[in-house]
Amino acid sequence: MLRIDIPERSNWKALAHELGFHFHTIDGEPYWKEDAYYQFTMEQVERDIEAPTEEVHEMCMELVDKVCHSNALMQRLALPEHMWDSIHNSWKSGQPHLYGRMDFAYSGDGPAKLLELNYDTPTSLYEAGFFQWVWLEQAIQQGILPRHADQYNSIQERLINAMAHLGDRIEARTLYFSCIKDNAEERATVHYLQDVAVQAGLNAPFIFTEDIGLRPGAEHFVDLDDKPIHALFKLYPWEEMADDAFGEYIPQLNTHWFEPPWKAILSNKGILPLLWEHFEGHPNLLPAFFEDANSPPLPAGWVRKPFFSREGSNVELITPTGQREAVDGPYTDSPWIRQAYHPMPRFGNNHALIGSWVVGDRACGMGIREDVGRITKDSSCFVPHAIV
């Protein structure tokens with residue numbers, strides 16, 4: 001794994017605006033960076049990223065089945081009791097899911113180590129699946145990359161196939177798409193998925209999450225015209241939906257959700273100690289444990305994470321040499337886990353994180369985020385990759 005300095009495409013910012021990538025710069029700081037790329041060999045991708053991703057995914061599916069058949073495990077993961085039936089029934093009935101992302105520490109030397117799962121509301125999808133591929137094609141055309149360069153990236157193709165499969169299972173092939181208001185990145189991600197759905201032959205109307213309604217006596221949630229929402233993709237986490245005022249109605253209505261309720265199991269950091277309990281010693285896993293009232297202060301060489309957290313918020317770590325890093329955030333009222341610290345590779349001042357994508361139960365691509373800190377955050381830069 002190498003980080004190679006290269007020239008930028010001369011027109012990339014204008015192209016980004018033309019293609020709807022309006023958050024390539026956030027608060028005056030670059031989010032998308034293409035003055036370098038990460039280089040891999042085909043063997044590294046297939047052996048060290050793709051194969052472990054599919055293996056860990058299967059392990060996760062095995063655990064979902066165990067949790068769905070155990071109220072004790074539901075409770076251990078702090079899943080709201082009023083959601084247990086929805087979670088169990090969505091799994092038992094085979095409700096399909098769309099996608100997920102695993103975050104790995106990987107340097108090209110030794111096995112990739114799973115840091116966490118983002119299986120409910122993963123972002124950086126547009127950058128990884130679309131804009132990164134455009135960069136590859138143009139970088140080859142402009143002589144920035146060699147002509148034989150390739151990329152581990154069939155994300156968009158897999159998404160189209162998965163959407164077509166979903167369309168066969170939903171009313172009138174209509175899948176609503178939703179995210180919260182005033183979030184440019186999430187709106188861009190959902191807009192991208194709407195485009196993918198249309199390519200797959202679906203109708204793909206949009207509604208803001210805040211505008212989803214209830215109608216007395218209705219069997220489904222409704223849109224602003226009081227039309228029933230039979231199926232909805234929501235870029236909104238299950239743990240927050242469960243706590244919202246309308247969350248109690250989810251088990252009572254027949255709206256189908258994507259991602260389905262059983263994904264609440266995998267969007268929970270508590271899945272990491274469960275993975276270690278059931279597959280202890282697996283080369284792609286790190287030791288992880290549930291924190292309890294008797295846990296000592298965080299020792300050196302460990303990371304502390306809340307069950308429900310995103311983009312690095314409220315994560316604390318102490319390296320084996322005693323260096324401490326922490327990110328503030330709002331996730332202070334959930335249980336915690338502890339995971340063994342494993343360093344991400346460092347290139348200059350930047351620590352690089354591999355985000356490995358799964359679509360329709362198949363590993364299909366990756367995106368790389370980098371940050372000067374050891375904790376990847378929402379502001380961490382996205383840097384493209386190539387296979388050379």
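**View A. Helices α6 and α7 are oblique to each other.** Helix α6 (residues 155-167) packs against α7 at an angle of about 60°, and their axes are 8 Å apart. Because angles under 35 degrees count as roughly parallel, over 145 as roughly antiparallel and 65 to 115 as roughly perpendicular, the rest are called oblique. Axes are lines fitted to C-alpha atoms, for helices over the stretch in contact, and angles run from 0 to 180 degrees between N-to-C directions. The crossing of the pair is right-handed; that is, the near helix is turned clockwise from the far one by less than a right angle, whereas anticlockwise gives a left-handed crossing. On the α6 side the contact consists of Q156, L159, I160 and M163, and on the α7 side of Y192, L193, V196, A197 and Q199, where contact means heavy atoms within 4.5 Å. Seven of the residues in this contact are nonpolar, two are polar and none is charged. In this classification Ala, Val, Leu, Ile, Met, Phe, Trp, Tyr, Cys and Pro are nonpolar, Asp, Glu, Lys and Arg are charged, and the others, Gly among them, are polar.

The model is predicted: local features need pLDDT of at least 70, side-chain atom pairs count only at pLDDT 80 or more, and totals for chains, interfaces and linings use all residues. Residues are numbered from 1 along each chain as its sequence is written, and side-chain values use heavy atoms, with hydrogens and water left out.

**View B. Helix α7 lies across strands β7 and β8.** Helix α7 (residues 184-199) runs at about 165° to β7. Helices (H or I, at least four residues) and strands (E, at least two) are DSSP runs, numbered from the N terminus. The open sheet here has three strands in the order β7-β8-β9, with parallel pairing. At its edges stand β7 (176-178) and β9 (256-258), each with a single partner strand, so one side of each has no neighbour in the sheet. On average, neighbouring strands are turned by 25° against each other, direction ignored. Three bridges link β8 (residues 231-234) to β9; two strands pair if DSSP finds at least two bridges between them. F233 has F258 in β9 as its bridge partner.

**View C. Helix α2 passes α4 in a left-handed crossing.** Helix α2 (residues 42-68) and helix α4 (residues 84-92) pack at about 130°, with axes 9 Å apart. They are therefore oblique. M61, V64, D65 and C68 in α2 meet I87, H88 and W91 in α4. By class, this contact has five nonpolar residues, one polar and one charged.

**View D. Strand β4 is mostly covered.** Five of the five residues of β4 (residues 36-40) are buried, meaning under 20% relative accessible area, with exposed over 50% and partly exposed in between (1.4 Å probe, protein chains only). A36, Y38 and F40 point one way, Y37 and Q39 the other. Strand β1 (residues 2-5) pairs with β4 in the antiparallel sense over four bridges, and I4 stands opposite Y37. Strand β19 (residues 385-387) runs parallel to β4, joined by three bridges; F40 has I387 as its bridge partner.

**View E. Five strands form an open antiparallel sheet.** The order is β10-β14-β11-β12-β13. The edge strands, β10 (288-290) and β13 (324-326), each pair on one side only. Neighbouring strands are turned by 15° against each other on average, direction ignored. Strands β10 and β14 (residues 336-340) share three bridges, with A288 the bridge partner of Q339. Helix α9 (residues 271-278) packs on the sheet, touching β10, β11 (302-306) and β14, and its direction makes about 115° with that of β10.
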